[in-house]
Amino acid sequence: MGEDRKAAIRLQFNPSSRLAFKGATITSDAGLLAYRELDDALGLTEMAERSLRDPRSGKNTRHSLGAQLRQSDFSRLAGYEDTNDADRLTVDPAMRQVVGGRAVDHVASATSQVSRFETEVLTTKENQGALARLSGKWIERVRKARKFSRIVLDMDSSVSETYGRQEGSAYNGHFGCTCYHPLFCLNQFGDLEGA
């Protein structure tokens, strides 16, 4: 009874959606909706979509490149470290809203689709270069909105342990493992300038 008296909260990126308690359509990832609002306000996925090339052709593509990118990124943001949970997330109400497009009325991408997107579409040489430049473009957009007189850059490395004979990995004595050892350049705000 109490829930019927209160107006539901409406989303800016999709005013037809509203946040309300309904036991049958519940999600543990509702916080993603706020991140989607921020994404739309800053135009981050839109910028990424313009930077990447979609090698898929034909009419058999269910989800746009932007929708698949959102699903991949927002899944990681929600703590799903790989694509194993994508099948369950295809019907999750928050994920469907975040992905947008066809997913709102149907389902988001399944595990096989997300895996193909991440291992075939994002790994083309052209897209890898575009992804490497993307964080710098995002930071540049923030710089234009917020002026500051100096930038402090910090170079740090990271370790990503590998197993088997992964191409590009090597043994690192400091970390005591075989790993990828990328170098990152961050500014004083913790924003990634480049990798």
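**Exercise on strand pairing**

Which residue in E7 is the bridge partner of Met 155?

Solution. The bridge partner of Met 155 in E7 is Cys 185. The structure is a predicted model, in which local features need pLDDT of at least 70 and side-chain atom pairs count only at pLDDT 80 or more, while totals for chains, interfaces and linings use all residues. Residues are numbered from 1 along each chain as its sequence is written, and side-chain values use heavy atoms, with hydrogens and water left out.

Next, consider the strands themselves. Strands (E, at least two residues) and helices (H or I, at least four residues) are DSSP runs numbered from the N terminus. Strand E3 (residues 153-157) runs antiparallel to strand E7 (residues 183-187), and five bridges join them. Two strands pair if DSSP finds at least two bridges between them.

E7 pairs in the antiparallel sense with strand E8 (residues 192-194) over two bridges. These two strands form a hairpin with four residues between them, and Gly 190 in the turn has a positive phi of about 85 degrees.

**Exercise on the open sheet**

Solution. Begin with the order of the strands: the open sheet has three strands in the order E4-E6-E5, with antiparallel pairing. The pairing of E4 with strand E6 (residues 177-180) is antiparallel and rests on two bridges. Here Glu 161 stands opposite Cys 179 in E6.

**Exercise on a loop residue**

Which residues are in contact with Arg 146, leaving aside its neighbours within four places in sequence?

Solution. First locate Arg 146, which is found in the loop between helix H8 (125-145) and E3. Contact means heavy atoms within 4.5 Å. By this criterion, Arg 146 is in contact with Phe 189 and Asp 191. Arg 146 has a relative accessible area of 39% and is partly exposed; buried means under 20% relative accessible area, exposed over 50%, and partly exposed in between (1.4 Å probe, protein chains only).

Solution. A nonpolar core is a set of buried Ala, Val, Leu, Ile, Met, Phe, Trp, Tyr and Cys residues joined through side-chain atoms within 4.5 Å. The largest one holds twelve residues, including Phe 13, Leu 32, Phe 74 and Met 95. H2, H4 and helix H6 (93-99) are the elements that give two or more residues to this core. H6 gives the most, with three residues.

Then examine Met 95. Not counting residues up to four places away in sequence, Met 95 touches Leu 32, Gln 71, Phe 74, Ser 75 and Leu 89. A second, separate core has ten residues, among them Met 47 and Phe 117.

**Exercise on salt bridges**

How many salt bridges does the structure hold?

Solution. A salt bridge is a side-chain nitrogen of Lys or Arg within 4 Å of a carboxyl oxygen of Asp or Glu. The structure holds five. One of them joins the side chains of Asp 40 and Arg 36 (3.1 Å, N to O). The two residues are four apart in helix H2 and are therefore separated by about one helical turn. Asp 40 is partly exposed at 34% relative accessibility, whereas Arg 36 is buried at 8%.

Another salt bridge joins Glu 126 and Arg 53, with the closest N and O atoms 2.8 Å apart. Glu 126 lies in helix H8 and Arg 53 in the loop between H3 and H4, so this pair ties together parts that are 73 residues apart in sequence. Glu 126 is partly exposed, with a relative accessible area of 46%, and Arg 53 is partly exposed at 40% relative accessibility.
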